[in-house]
Amino acid sequence: TRASFKTLQKSYRTTIEIMQLANQVQQLLNMNLPVVEPVVRHSPKPSFFMTNTKKNDIQTISKMIAAFYKEGMKTVAVIGKTNKECKKIAKLFQQYSDIHVQLLKENEEINSNNVVVVSSHLAKGLEFDAVILYAIDEVYQMEELDIKLLYVSMTRPLHRLVLFGPNLSAFLLD
């Protein structure tokens, strides 16, 4: 038998608007990778919010999460760049919000009743209705691993993507 090589370029997970933003990040790799084409499904464009005080950030994010649930979203994740950043995020939720979060560790079951806080390293293979990327202290750098981690993080949501950070460049965008 002969083997043949096929490049898969269709994404069934996410929407056109989310994939367009993720493809911008993927192009930063300069590796001549094929652009991923989403199936025709639309959502609001990903939005960006500038960080304020940590208390205000968590209160704003909590309101967003409540709105996602009201819209019928079942699963929501807050993705930080590293485990260290995610520990800070989980602690901030304990301090400033009544939303229960699960700080996801490796090989751990997801409790679907909680908002999941997960690092970009552990997010691969997971999917959520809505994702908030939250950069407090750790921003993505213009280097191959960070670009790939950001791309993976941006392609986790089925319906909604929100970027929350000091500026767009924290997510390698302008």
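Trainee: What makes strand S6 (residues 115-119) mostly covered?

Mentor: Five of its five residues are buried. Buried means under 20% relative accessible area, exposed over 50%, and partly exposed in between, with a 1.4 Å probe and protein chains only. Strands here are DSSP runs of E with at least two residues, numbered from the N terminus. Keep in mind that this is a predicted model: local features need pLDDT of at least 70, side-chain atom pairs count only at pLDDT 80 or more, and totals for chains, interfaces and linings use all residues. Residues are numbered from 1 along each chain as its sequence is written, and side-chain values use heavy atoms, leaving out hydrogens and water.

Trainee: How do you know that both faces of S6 are covered?

Mentor: Look at each side in turn. Val-115, Val-117 and Ser-119 sit on one side, Val-116 and Val-118 on the other, and all are buried.

Trainee: What makes S4 and S6 a pair?

Mentor: Two strands pair if DSSP finds at least two bridges between them. Strand S4 (residues 76-80) and S6 have four bridges, in the parallel sense, so they qualify. Ala-77 stands opposite Val-116 there. S5 and S6 also run parallel, joined by three bridges, and Leu-103 has Val-117 as its bridge partner in S6.

Trainee: Why are S3 and S5 called edge strands?

Mentor: The open sheet has six strands in the order S3-S8-S7-S4-S6-S5, with parallel pairing. Strand S3 (47-50) and S5 each pair on one side only, which makes them the edges.

Trainee: Why is Gln-102 called buried?

Mentor: Gln-102 has a relative accessible area of 10%, and the cut-off is under 20%, so Gln-102 counts as buried. Gln-102 is in strand S5 (residues 101-103). Leaving aside residues up to four places away in sequence, Gln-102 touches several others, including Glu-108, Ile-110 and Val-116; a contact means heavy atoms within 4.5 Å.

Trainee: And Asn-107: buried or exposed?

Mentor: Exposed, because Asn-107 has 80% relative accessibility. Asn-107 is in the loop between S5 and S6.
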